[in-house]
Amino acid sequence: MSDQTASGRPESPQSPVAALPGGEVTERDQDGPMLAADGRPLKSSLARALRREKLRALALIAPLLVFIFISFVLPIADMLFRSVQNDIVADTLPRTVVALANDPLEEEGVPSESTFAQFYTDLYIAEEYKEHTRLGSRLNYEMSGISSLFRGTGRAVGRFDTDIYADQFEAADPAFEDPAAWADWMADDDIRAALPLTTDAYDAWAGIAVELDEDNPAEEDPEDIVYTSLYRDLANGAAPPAPFPQVDVSGFESVSIRELFIEEDEDWADPEVWETIRAYSSRYTSGYFLNAADMQTTPEGVELRPENERVYMTLFVRTLWMSLVITFSCILLAYPISFLLATLPARHANLLMILVLLPFWTSLLVRTSAWKVLLQNEGVINDILVWIGIVSDTNRLALINNATGTIIAMTHILLPFMILPLYSVMKTIPPSYMRAARSLGAKDWTAFWRVWFPLSVPGIGAGSILVFIMSIGYYITPEIVGGTRGVFISNRIAYHISTSLNWGLAAALGTILLVVVLALYWVYDRLVGIDNVKLG
Amino acid sequence: MKLKLLMSATAVAALGTTAVAQEMADEMTIVSWGGAYQNSQLRAYVEPYLEMHPELDVTWDERSGEAVANLRAMDEAGNITWDLVDVTAADAMRLCDEGLAMEVDFEETLAPGDDGSSVEDDFGDMLVSDCFIPQIAYSTTFGYRTDVEEWGGEVPTEICDIFDTETFPGQRSLEQRPIGNMEWALYCDGVAMEDVYDMLETDEGVDRALAKLDTIKDDVVWWTAGADTPQLLADGEVVIGSTYNGRLFSLIEEQDQPVAMLWDAQMYDLDGWIIPEGLDDATLARVKDFLYFATDTQRLADQAQYISYGPARASSAPLVTTHADLGIEMAPHMPTNPENASNSFVYAYTWWADYRDDLDARFQAWLAQ
Amino acid sequence: MSALPPYASTGQRIWHYGFRTICGLIFFFLIAPIMVIVPLSFNAENFFTFTPEMLRLDPEGYSLRHYVDFFTNPNWQGPLWNSIKIAPAATLLSVCLGTLAAIGLSQPHVPGRRAIMAMLISPMIVPLIISAAGMYFFYSRIGLQGTYFGVVLAHAALGIPFVIITVTATLVGFDSSLTRAAANLGASPVTTFFRVQMPLILPGVISGGLFAFITSFDEVVVVLFLGSASQKTLPWQMFTGLREQISPTILAAATVLITISIVLLATLEILRRRSERLRGLSPS
């Protein structure tokens, strides 16, 4: 058998697939005005046939294209989008975001009373929907402590001393005690227009009553946020038309919502908290990408994080560096045996090829388990070394849970991906070249180095890119044998998805990794052509 | 709030009528931690419950470690496939805060204590969240090999011995996260236990803790799964290592390995059930029926026959007997045993909720250096 | 290189044998880790190393207990059956869609062929963790996370590149005058496909299918994210086993998987020979 690959193609891997029989159709239509059998000009007849052929080809490809698009491309695009998506602040605190944008933050960087009042409404609603802690966790990525600030205040916000307003309104006019009257007022467009804050708060409260509590708002007393907003509307000089009761609020006892918040937690007077909320209030953020590049935004602009907080660049560099080492080890090990396989008689080569294909076909987990068993301190390799006497029993080699473990195991796992392309290129180098070189007086080494080796370089290129691409995205093997110093960026992405729950950061790290991989993929396509990937 | 009173009154009335007539689902997915712990749950109350209800089909999922991530994703999808989830108290609080776990009326959902005490009294201060139904108290503590020749007969007696590589040379295993390690490092650097968290809030404190950890960094194997340390100790890959006390118990007593346990400055924590928000009525009825049984005084005491974690109910403590297979007294091996608990850290849930992201970034950066 | 000529110098001799020794060592490196698993799986003890009894070849040191555990313990049997249920379905899906598309792609005039090809091969290139994360979030949103169908879809997507690569490779050697001849003789396109094209590309389709099968059967990252407890597959159980309850049953499972690999490999080899014979490629 001449060729071990499953495809069994004798051609060189560089032979372009496009040169298929049938390509001659396009050449013939240059010939001039001839008529086809049905009397049409041959040219248009051929063009039609060509069009039909194209459509037929596309129809055959379309189902798969749609399938891959929906099951694979779309999910990845969707995840990548998370790296810039930042809806949570604007969705959870819509009123605050608008108010903050217009608030000059004059009082030492702390918002004004009216911004706090909007924040009160937002937080009250968010607490009902239990969204405030999620927001807290999100902002906590940017500033430590915000998580508990939101959680603690969320718990307290329903108990704020704003109930004085409801009492005073009800004392001023008993109609306020009737939920049905409220419902009627809030159905009146003129009243709604006159009382914007109240309307907003009432609608939100009614939404909570219907959605969460499954109550009829026309039968329930509105909550404090509605009365607080009403007080603020009226204090602002609103004059709702009848039938809304006319109440003079100038004599009302009032509370400062700002003070209530600061009393609850003095961090609400911390300008940094508000700066953080404001900075992350837009719907898109570059924050995750900055974080993924070990950078941060400070009042002075974007800068690198302090050295003791940089981790992702280290990980990216380590991933690239270790992948290079693995690729290089693969070349080193794959070259001699590919050479041997390519030069041995086919019968022997076939037998030896099985030794390459068996690991290739064996489960990744089997191979990883094997290395775990072999590399342990008390594992087979160390036992043998101690038995031979190379290392002492107390000084066993640390081969696992570090970079060494990852490099050894991954070199073994990826080696077939280097051997197969290398071998298929070497197969195409005619043995007569070496003989010719020798007969022209070249020494063995010269013949190899000047003739054989340059011809095998395309194989090294193809194998290296393939191994490198696969290596930088590896997850399972580093996870099991890598410890802390032998893990890759993939492991960190998995950690952020399932443990730290910082999905935006995971997406940003994933995007960077994907860009690197796709760039290499592009290079590979240019150099080798993806059609020429060979398997088994 | 009148509204809320009114609401809860109708809700209770509604429950009262539906609970009786409610059909119970025949399938239930329970999420737990796998290993010896899941096995103790299986033997103490899942199998007995299945004997009473042969129509029920239980599926186990062993992903409690990723419970928050999975419940969040399920919630985003609006498709909850888990029915009852075993989580740590910290995760339960997080899930409760985010509305992913159901708030539970303890008195109504759970059985009163065998001794007649109310649920609230029986569980006492273990009820740390409205959504969290505690099962056990556990500790993260250290085990060490008793046959290390280089130690010349000495054995570690206090937590700070893990930092003493002169007297106790050899590899150590520590969990690959800041929680626990940072506290121990500061404590062993001379900070009083009650000042540790104040200290950790400052940059200097973090630097100090990491500097202390630096002294043993080259000797540390970092673990991520609870089974790692027992395996590493058994294989002799490490000589001291932190893990959950129940895992160490089974290593020492069940597998008879030459390992002993260190009870000093261990991290005391709770584990229990949460019910995911958004179950359908039939499943919820089944889950509640199961929970009522599985968390009663006798069942929690039974669980202690299989694993050395302290039952969450005070009324279970007197019923704790001997190990189901080995016949040894279980009480002395519990983290709740007063002798063991004389000097322990209580996991600072809210503090870590705030500082986890930051310290984790610092810790991982330190690890990567 | 094949044989040493009688006139070889001493240097050449040293080089010849030295080189072969190096190659032997590399082959040993390739195969030994896998082979070491096999005897260890018959360990009578709960250890991952060779016990003194095993080294003395004492029958006492060996036992089938880990195999008994593997074939009776529901913790292993459930995952095994899940794998057996998921992999063929995923394979079928990727083979059907992939073969059609490969035939389409080998037509002489396909607009945007390169881009289409790049997209179809991408599941093989994109790091698994990224595919897994993307599918986890997206499938959650459309209610496929934690379902059998979701895992099958994901695995089918991962298997597609292998089918495309192997089938297009077979089609390269395909002489399209055969289909024209069939059409001339009055065969309909469908008849032509099944009677002429299919038998010739069948070996490629089957080997693509085998690749797709092994991809699904061996896949762990995606199923770890996408699956729920009731879709736990064999590799997943092995992964949990390696990280959690480490038991030598993993080695028994691994040995079973190695056996499966050998069977698949042998099937492939037979197919390859058949394919070459059918297409009239010169055997050497």
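In this predicted model, the C-alpha centres of domain 1 and domain 2 of chain B are separated by 31 Å. The domain assignment builds each of these from two stretches of chain B, with domain 1 covering 2–131 + 275–337 and domain 2 covering 141–268 + 355–368.

**Domains of chain B**

- Where the two domains of chain B meet, ten residues of domain 1 are in contact with eleven residues of domain 2.
- On the domain 1 side of this contact, the residues comprise seven nonpolar and three polar ones, while no charged residues are present.

**Chain B against chain C**

- The contact between these chains involves 16 residues of chain B and 15 residues of chain C.
- Two elements of chain B, strand E2 (57–61) and helix H3 (67–77), each contribute at least two residues to the side that touches chain C, and H3(B) provides the largest share of that side, with four residues.
- Sorted by class, the side of chain B that touches chain C consists of six nonpolar, seven polar and three charged residues.

**Chain C against chain A**

- Here the contact draws on 94 residues from chain C and 88 residues from chain A.
- Several helices of chain C each supply at least two residues of the side that touches chain A, among them helix H4 (74–105), helix H7 (148–172), helix H9 (189–218) and helix H12 (249–278).
- Helix H1 (10–40) of chain C also belongs to this group, and H1(C) gives the most to the side that touches chain A, with 14 residues.
- The class composition of the side of chain C that touches chain A is 68 nonpolar, 21 polar and five charged residues.

**Overall form of chain A**

- In secondary structure, chain A contains 25 helices and two strands.
- The radius of gyration of chain A is 36 Å, whereas a compact globule of 536 residues would have one near 24 Å.
- Along the principal axes, the C-alpha atoms of chain A fill a box of roughly 115 × 90 × 45 Å.
- Of the 536 residues in chain A, 46% are buried.
- Among the contacts in chain A with a separation of 6 or more, 70% are between residues 24 or more positions apart.

Technical notes
Residues numbered from 1 in each chain as written. Chains lettered and ligands numbered in written order. Predicted model: local features only at pLDDT ≥ 70, side-chain atom pairs only at ≥ 80, totals over all residues. Contact = placed C-beta atoms within 7 Å. Nonpolar A, V, L, I, M, F, W, Y, C, P; charged D, E, K, R; others polar. Domains from an automatic or database assignment. Rg over C-alpha atoms; globule rule 2.2 N^0.38 Å. Buried ≥ 20, exposed ≤ 12 C-beta atoms within 10 Å, placed from the backbone.
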